[in-house]
Each structure stands twice: as C-alpha cells, then as structure tokens.
Amino acid sequence: MDNTEVVEAMERISHQVHRTPLKQSSTLNTFTGGEIYLKMENLQRTGSFKVRGAMNKIMSLSEEEAGRGIIAASAGNHAQGVALASSLRGVPSKIFMPKRTPSTKIAATKHYGAEIVLTGDTYQEAYGAALEEKIRNGSTYVHAFDDHKVMAGQGTVALEMLQQLSDLDMILVPVGGGGLLAGMALAVKAFNPRVKIVGVQALGAPATYNFFTGRNKGSLEHVHTIADGILVKKPGELTFPIIREYVDDMVTVTDEEISYSIMFMLQREKTLVEGAGAASLAAAMCQKVKVQGKKVGCVISGGNADPSKIPVYRDLSKMARQLHHIV
C-alpha cells in the first residue's frame, strides 16, 4: 500500500462523503497553551469517519464481488458505513455486532438498510461469527480496519486536514485496530513528513499501544473501556506494519480522561461525541503529549454516543478533574 491509494480513494469517494470542518476552540487554546484544531468527523455522514473506508472498499468491488452481498463485523460505526455504502451500491449487507453495542448504533445501521446479527461481547467475537457466515454463504467480507482499501479511505481524513491547514505540527489519532491511524500516517508522511503522528488508545484496551511499545505482542484476553469504538483485542495484521513504520508515538488515556473530554465537548462546544471520538482530545487536554506552542490536530472520530450514558461520563469526568487538578 502507498499514498497513491489514498489519493485514489479521495477521488473515488469525494461525492459520497462530507468534507468535515477543521475548527478551533479558543477555550481549548487557552486551556492547553497550544493551537488545537478539531477535525469534526462526528459531523460526517453516519456520524463517523468509518464511512470513508467502507465507501472506498465497496465502491471498488467488482460486479461479481458486490453481487455476492456484503458481510461485516463492527462495534457500530463501521456497520453504518457499510450499510450506507452497500445501499448506494444497490447490494444487500449483513452486519454482525457485539451484544453490548449501543442501541443508537444498532438502530442507525438498520435505518441504512443492513440486516443485523447481535452476537458475542466483543468485536473479535462478532468478527469470528461473521467469518463463519462468509464461509457458509460466500459473501464479500468488508473488514473494519485490516484492509488496504479501507485504510486508504480512512487516510482521506489526513489529506483533508493538510489541505485545510498545511502547517500542522502534530495530529492526534484515536486507535482501535489501527485502520484510521495507518491510513492517516501513510498519507501525512508522504505529503508532509515533518508532521508528527501520535496514536491514542484507551488504557483498558491497549493492544496496538502494547505492540508499538514492545510491551506485549499477543492478543489481549480482557478489554474494557467506555470507548466501544476502539474496543479491540489485537491490532490488524495489515495495519500494524504501517503504524510501526510511519507513526511517531503512541499514548494511552483512561476512561476518566475520555469522559472529561466528552463532557468538555458537550458543555463548551455544545457537541456530544462518543468515547473513541474524544480520545485524541483527552490526550491533549490531560497532557499525555506536549502541545504547548504547537498547532495540533485532534481527530474527533465519531459522534454516535449513547445519550443514556451521560451520567456515567459526568461521574468519571469528576474523577479526572480531581486527578489532574483541572476545572
């Protein structure tokens, strides 16, 4: 995979996805001492960046591949992207989702036209069930992250950011299986290699972080985080070599820090974002990376939060404020 695939993806999907805003917050600038730019992928179609990769993959399929129907596994956002892209392509889709997937994401995926199968407690379990179904029925599988066409589609986030602000110093990217981070890192290092790329993973599900730092090269046995969109037990086989080559650093954030960022966005920016979408901002706000005096892009990767969990976010946010002595 190289940067030309990302450029081709940009050309292929530009009429099907939104060019999302890159906005500043004066409050964030004052708070962090840096210039913070929020890439608002929560305003993307389906409420998440995931539609970019799914759209690029499905629009790239041959007629024979598409005609066999689409199957996928997802914690929610990829599901919506696959469902929408499949509907636009005019082919049926079946999505396997973990039982703990927020009801809002399940309902939205059905709305876009997919058949839903709830199975297992984690993405990996849903993924296994989807592969069994693929073998039985011969459907075309669209992976949530471990696919070059999917990664290329996600990489278009980086191309837009560089077009919107060419002199960024750093971009903070949330990480689950690594499709977004791999695609963005490849694109950024091809077009502006001086920009530092930092992956941000939830402390309760740090598989990619562990691989990157050499702490653990195996699949995690137990994972838990409020950021369900990045709740995976191991990084992708295709994504990680790209991450290892092009990413400058990786950090982790706690659920308390993620919740603090969710509540900040809700109270100060009047925007509800999901846990995965707030992870990059948490790294900047809770000083996991040095942002003072720098122009820093934070990818707000999704906005499909479960409103019923706001009390949980509020309580965890209080703990983060006490820990970091912030208001």
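**Stop one: a covered strand**

Buried here means under 20% relative accessible area, exposed over 50%, and partly exposed in between (1.4 Å probe, protein chains only). With five of the five residues in 170-174 buried, β7 is largely enclosed by the rest of the structure. Strands (E, at least two residues) and helices (H or I, at least four) are DSSP runs, numbered from the N terminus.

Before moving on, keep in mind that this is a predicted model: local features need pLDDT of at least 70, side-chain atom pairs count only at pLDDT 80 or more, and totals for chains, interfaces and linings use all residues. Residues are numbered from 1 along each chain as its sequence is written, and side-chain values use heavy atoms, with hydrogens and water left out.

**Stop two: the strand partners**

Click I171 and look across to I197, its bridge partner in β8. Then bring in β10 (residues 295-300), also parallel to β7, over three bridges. There, L172 has C298 as its bridge partner.

**Stop three: D169**

Step back to D169, in the loop between α8 (148-164) and β7. D169 is partly exposed, at 26% relative accessible area. Show the side chains of D169 and R194: a polar contact of 3.2 Å joins them. A polar contact is a pair of N or O atoms within 3.5 Å; within protein, one must be able to donate a hydrogen and the other to accept it, and residues adjacent in sequence count only if both atoms are side-chain atoms.

Note on methods:
Two strands pair if DSSP finds at least two bridges between them.
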